[in-house]
Amino acid sequence: MSDIGIALTYARACAASKQIICPISLHQVNLKVMAEAVAFSREAERSIRYDEIVPQIGALVEGETDLVANLANVAAVLKEVFGFFWVGFYLEKEGQLVLGPFQGPLACTRIDFDKGVCGHAYTTGETVVVPNVEEFPGHIACASASKSEIVLPIKAANGEVVGVLDVDSDKLNDFSGIDAEGLKRIIERIEKTL
Ligand code: SME
């Protein structure tokens, strides 16, 4: 069996066995792209799952300079690992936030900088956690099923905000400091590629 085949077999077995620490990683087999091999503990609390996937996402995006390709893979991993209702990116283009790679139901295509949770995170450069979207003034409801939300800015090396990561849940109060910290670590891996 090829190296990729062996790695894939191990990674799948590891994920299926729900081990906290898997015996193989993308680094160990020296593979740049193997999205199928993201291994995580399906039943574990979120903090553990963040610990597991951050280095794997780092390995996945490092060395790849195409931002859209990297964001597409990150959205896919977050959707698979956490089952979020909607996870995706908005990128600054010509004075607006424009929909980028995402996973979930179709979403608003363009957001003005002074609108919504995404606009707020973009203009302040700060992470925004919204426990109940109905209580956030100006929240943009792309889907009525969305109940809580977290949005993090993505910054270039000069500190300029170039886009945001938006994660929506169909449960109230679904995001905590654990998500803010875990997603921030993922954003940092993306920022290193900018
Ligand atoms: N709710 C967001 C808009 C984007 S969607 O949720 C995908 C906002 O208020 O900015």
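What is the order of the strands in the open sheet of 6 strands? The legends below begin with that sheet.

View 1. The 6 strands of the open sheet run in the order β3-β2-β1-β6-β5-β4, and their pairing is antiparallel. This is a predicted model, in which local features need pLDDT of at least 70 and side-chain atom pairs count only at pLDDT 80 or more, while totals for chains, interfaces and linings use all residues. Residues are numbered from 1 along each chain as its sequence is written. Helices (H or I, at least four residues) and strands (E, at least two) are DSSP runs, numbered from the N terminus. Two strands pair if DSSP finds at least two bridges between them. β3 (110-111) and β4 are the edge strands, each pairing on one side only.

**View 2. Strand β5 and its two partners.** A residue is buried if 20 or more other C-beta atoms lie within 10 Å of its own, exposed if 12 or fewer, and partly exposed in between, with C-beta atoms placed from the backbone. Strand β4 (residues 128-130) pairs with β5 in the antiparallel sense over 3 bridges, and V129 has I150 of β5 as its bridge partner. β5 and β6 are also antiparallel, over 8 bridges. I154 is bridged to G163 in β6, and S148 stands opposite S169 in β6. The hairpin of β5 and β6 has 5 residues between the strands, and there G159 takes a positive phi near 90 degrees.

**View 3. Helices on the sheet.** Helix α3 (residues 67-82) packs on the sheet and touches β1, β2 and β6; the direction of α3 makes about 55 degrees with that of β2. Helix α5 lies across β4, β5 and β6 and runs at about 30 degrees to β5. Axes are lines fitted to C-alpha atoms, for helices over the stretch in contact, and angles run from 0 to 180 degrees between N-to-C directions.

**View 4. The packing of α2 on α5.** Helices α2 (residues 46-61) and α5 (residues 177-191) pack at an angle of about 5 degrees, their axes 9 Å apart. The two helices, α2 and α5, are therefore roughly parallel to each other (angles under 35 degrees count as roughly parallel, over 145 as roughly antiparallel, 65 to 115 as roughly perpendicular and the rest as oblique). From α2 the contact takes R46, S47, Y50, V54, I57, G58 and V61, and from α5 it takes I178, D179, G182, R185, I186, R189 and I190. Two residues are in contact if their C-beta atoms, placed from the backbone, lie within 7 Å. The residues of this contact divide into 7 nonpolar, 3 polar and 4 charged. Ala, Val, Leu, Ile, Met, Phe, Trp, Tyr, Cys and Pro count as nonpolar, Asp, Glu, Lys and Arg as charged, and the others, Gly among them, as polar.

**View 5. Two loop residues with positive phi.** E94 lies in the loop between β1 (86-93) and β2 (96-103). Phi of E94 is near 50 degrees, a positive value in a residue other than glycine. E94 counts as exposed because it has 6 C-beta neighbours inside 10 Å. N173, in the loop between β6 and α5, is a residue other than glycine with a positive phi near 50 degrees. N173 is exposed, with 12 other C-beta atoms within 10 Å.
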